[in-house]
Amino acid sequence: MLARLQKFISISLFLCAGAWAFFVAAAGHPAWAAIGAAAVLFGYALFLAAEFTLLYCVQDADAAPRPSVRQLGRAWWGEVLSTPRVFLWRQPFRSRAEPDHLPATHAAGPGVVLVHGLVCNRGLWNPWMRELRARDLPFVAVNLEPVFGSIDHYPRIIEDAVARVEAATGQPVVLVGHSMGGLAIRAWLARFDADARVRRVITIGSPHHGTWLARFGLTVNVRQMRPGAPWLADLARREPPARYTRFSCYFGHCDNMVFPAGSGTLPGAENVHVPATAHVHMAFSRVVFDGVLRWLR
């Protein structure tokens, strides 16, 4: 469903930009034609800048030092480059380009389940899936639907993926969750009491304690990610404290979607700060990928 929606948005953006450029240039205003087309195609960069401005105003030194303006600028530019690749290409047009990889003959070792975040699908993980396949590492990447429904809908989807990897490897799995995907994995662990089936959980920019930005969201799953949300409190009550020792939480002081930075950490977990890196771009950090490989070896 999300791929179809984002495909419609992508095509509409390019059609609008092209129509504006054609008709305004034909009217004898080539400069305005170029400016208008650029505003349609690259206006998202201004929205990202607004998010980083909010981040700078709200961020504190709770779990990481306050970012400098230079670090925020570097993170903003990385996000400007990452956003269209993910939301205008990989997810709408390439979400099925990289199939799951469960080889019949695989050296003993764990496989990985990849769980995307809000307004994403499995296409987010295309670079990961190519590299995992090249290393002959088993993986399954899920699609979480309904896209704007409760996070409580997602544990069954994760359970099916975990069972497939378990059947192929005979080993406890590694689960990787980006953003809301980390909360979905925690919900799966709580529902299925699955600690013994897990080798490691890696979360990337996950709002474990909610995110300030969620106060502007209206969908069910966004409301569940507000700081102090009853859903988050209920999830925490159902988790034994020792469970968090199975987690590696990658977080950042330049995460434009999950802030303050401490929201991306868990007590007792391996909390790893990724500096000067924004929310989507963090999913493609080499530091994060190498950290996952450590548990797959």
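**A guided reading of the predicted model**

Leaving aside neighbours within four places in sequence, Asp195 is in contact with Leu189, Arg243 and Arg246, where contact means heavy atoms within 4.5 Å. This is a predicted model, in which local features need pLDDT of at least 70 and side-chain atom pairs count only at pLDDT 80 or more, whereas totals for chains, interfaces and linings use all residues. Residues are numbered from 1 along each chain as its sequence is written, and side-chain values use heavy atoms, with hydrogens and water left out.

Asp195 is located in the loop between helix 7 (180-192) and strand 4. Helices (H or I, at least four residues) and strands (E, at least two) are DSSP runs, numbered from the N terminus. Because its relative accessible area is 13%, Asp195 is buried. Buried means under 20% relative accessible area, exposed over 50%, and partly exposed in between, with a 1.4 Å probe and protein chains only.

Strands of a sheet pair through backbone hydrogen bonds, either parallel or antiparallel. Here two strands pair if DSSP finds at least two bridges between them. Strand 4 and strand 5 run parallel and are joined by 4 bridges, and Phe247 in strand 5 is the bridge partner of Val201. On strand 5 (residues 247-251), parallel pairing with strand 6 also extends over 4 bridges, with Ser248 opposite Glu270 in strand 6. In strand 5, 5 of its 5 residues are buried: Phe247, Cys249 and Phe251 on one side, and Ser248 and Tyr250 on the other.

Leu213 counts as buried because its relative accessibility is 13%. Apart from neighbours within four places in sequence, Leu213 is in contact with Glu51, Leu54, Asn256, Met257 and Phe259. The C-alpha atoms of Leu213 and Arg226 are separated by 7.8 Å, with the two residues 13 apart along the chain.

The expected span of a helix is 1.5 Å times one less than its number of residues. The 25 residues of helix 1 should therefore span 36 Å, and its end C-alpha atoms are 36 Å apart, which agrees. Its buried residues include Leu2, Ala3 and Gln6, and what covers the buried residues of helix 1 includes helix 2 (30-42) and helix 4 (69-93). Just after helix 1, Gly28 takes a positive phi of about 95°.

Finally, charges may sit over aromatic rings. This applies if NZ of Lys or CZ of Arg is within 6 Å of the ring centre and within 35 degrees of the ring normal. Arg66 lies over the face of Tyr56 at 4.9 Å from the ring centre, and Arg90 lies over the face of Phe284 at 5.0 Å from the ring centre.
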